[in-house]
Amino acid sequence: MVEQVQQTWQRFFENAHERLKRGLHFESSGTLSRISGLMLEAKGLRAPVGSQCLIEQAGLSSILAEVVGFSDEVALLMPAGDINGLQSGARVVLDRASWPALQWGELSNSTQDKSQGGSNVKLPIGKGLLGRVLDPSGAPMDGLGPLQNVHRVSWSQAPVNSMSREPVRQTLDTGIRAINALLTVGRGQRLGLFAGSGVGKSVLLGMMARYTQADVIVVGLIGERGREVKEFIEDILGEAGRKRSVVVAAPADLPPLLRMQGASYATAIAEYFKVQGQHVLLLMDSLTRYAMAQREIALAVGEPPATKGYPPSCFSKLPQLVERSGNGLKGEGSITAFYTVLSEGDDMQDPIADAARAILDGHIVLTRELAESGHYPAIDVLQSASRVMHNVTDMSHQKKANEFRSHLANFVRGRDLIQLGAYQHGSDASLDRAIALQETMQAFLQQGMHECCSQDQSIAQLLELLSSNSWPERPVDA
């Protein structure tokens, strides 16, 4: 008993000393006064937004919560766990383990402004994460034992000066023919995969994870069904892809705070490997679920809804997350990021989809019409675009890609007339050429999930297709 009291007082004085050194108020505890939906209110607690707190109550394990706002003398908290059993008057104390952590600048030659970075949460980062599956708090989920060769740092960092970033100048081989040839990706580019549910987003992400030329792959499964986590890792990512990957899983049943933390944690892991000079592929599924988690928090705090129920803070959080990926400083590596964006009801004008299109460096649209016809990957190249393709490809490649698009667009425009039998051969030379190439173009755009096509092979096959009317049959998927 005496030892327990001594430990309590020791922790109290250590907390007080730490707060005084940082120029903060001495008050470090309060009492729970109200629970309203997802939001908790604590009186007497003075803590900056972003601080981590513990809610202590006799007979219950402590519950972690984060300060997300305040009103007068009342702190607004968002819990990171189950709040069943909490009562009014429960003690709320600042979590000493959550003081602002080490910045990337202390681990590398990065010249970031340390005064702007820093979350109050410290999560494991390091090479020991490779091949592991983690939850948003950094705890292993794969049953492979504790993490080794890691250290704890903050997952929220200051943004990189835009003028200090290396420009996108190198191509990135994704192993997917339609993307390599017609939507060429640059190393350090950020793209969105726009689609409704069930059109092959996860399979396409798995193909990228297996075939993309990257040193490290970081996968963030944010807000998706829990069943899909193991399926993605075992069936889609595969053993070979998992060895060079880190997976952060934040299923839909987790509180919104942890879902948002999972996305930021996955980005922080990618940033760590980028600083080490490695080229990282970041796959985030999905950006929409991240925005939905922020919407839940913002509405609970009392922020008024704006566009289709999304508060303004949702649209400010998206670029803050996305801008952390991309090329690093000179001598560092890069983060090439693919974010899936769910289009509710296949509506490409969804607020989040529209906002994502504006902040990303390109978009790849997957359509239900193609998926239902057995066309995989269901990429609609006419609706898709890569905004850096002109920076990473030569003029001859760009010319052939535009020629392919032109033939495909001509066929799509005349398809109704052709199907009705109203078109007479010879009426339009460009449409006649598109009709002659139609079957070979469709075969070119399709690819089995276990089939890899390199950048050089993709360009060579594109040139072959446009120079003749013959194209080998698509291999049957193994």
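Let me start with helix 4, residues 226-243: there are 18 residues in it, yet its end C-alpha atoms are only 22 Å apart, short of the 26 Å that a straight helix would reach at 1.5 Å a residue. The expected span here is 1.5 Å times one less than the number of residues. Helices (H or I, at least four residues) and strands (E, at least two) are DSSP runs, numbered from the N terminus.

Before going on, the basis. This is a predicted model, in which local features need pLDDT of at least 70 and side-chain atom pairs count only at pLDDT 80 or more, while totals for chains, interfaces and linings use all residues. Residues are numbered from 1 along each chain as its sequence is written, and side-chain values use heavy atoms, with hydrogens and water left out.

Back to helix 4. Where is the kink in helix 4 centred? On L237, and the kink is about 100 degrees. The bend at a residue is the angle between axes fitted to the seven residues ending there and the seven starting there. E228, V229, F232, I233, I236, L237, G238 and G241 are the buried residues of helix 4. Buried means under 20% relative accessible area, exposed over 50%, and partly exposed in between, with a 1.4 Å probe and protein chains only. Those buried residues pack against strand 8 (133-134), helix 3 (201-211), strand 13 (216-222) and strand 14 (245-250). Contact means heavy atoms within 4.5 Å.

Strand 14 deserves a look of its own. Of its 6 residues, 6 are buried. S245, V247 and A249 point one way, and V246, V248 and A250 point the other way. In a regular strand the side chains alternate between the two faces of the sheet. Strand 14 pairs with strand 13 in the parallel sense over 6 bridges, and V218 has V246 as its bridge partner. Strand 8 also runs parallel to strand 14, joined by 2 bridges, with L134 opposite V248. Two strands pair if DSSP finds at least two bridges between them.

Now helix 12, residues 429-445, for contrast. Its 17 residues should span 24 Å at 1.5 Å a residue, and the end C-alpha atoms are 23 Å apart, which agrees. The buried residues of helix 12 include L431, L437, Q438, M441 and F444. The buried side packs against helix 2 (177-182), helix 11 (395-420) and helix 13 (455-467).

Next, the barrel. How many strands does the closed barrel have? It has 6, in the order 1-2-5-4-3-6, with antiparallel pairing. Neighbouring strands of this sheet are turned by 45 degrees against each other on average, direction ignored. Those axes are lines fitted to C-alpha atoms, for helices over the stretch in contact, and angles run from 0 to 180 degrees between N-to-C directions. K43 has V74 in strand 5 as its bridge partner.

Two single residues next. R190 sits in strand 12, residues 190-195. Is R190 buried or exposed? R190 is buried, because its relative accessible area is 10%. Its side chain reaches the backbone oxygen of S325 at 3.4 Å. A polar contact is a pair of N or O atoms within 3.5 Å; within protein, one must be able to donate a hydrogen and the other to accept it, and residues adjacent in sequence count only if both atoms are side-chain atoms. Leaving aside residues up to four places away in sequence, R190 touches several others, among them E323, Y339 and D361.

Y290 is in helix 6. At 5% relative accessibility, Y290 counts as buried. Y290 and I222 are 68 residues apart in sequence, but their C-alpha atoms are 6.7 Å apart in space. Y290 also touches M260, A263, K317, L318 and L321.

Helix 8, residues 351-359, has P351, I352, A353, A355, A356 and R357 buried. They pack against elements including strand 12, helix 6 and helix 7 (312-322). At the start of helix 8, a side-chain oxygen of D350 comes to within 3.1 Å of the backbone nitrogen of I352.

Last, the totals. The protein has 13 helices and 19 strands, and 54% of its 478 residues are buried. Among contacts between residues at least 6 apart in sequence, 71% join residues at least 24 apart.
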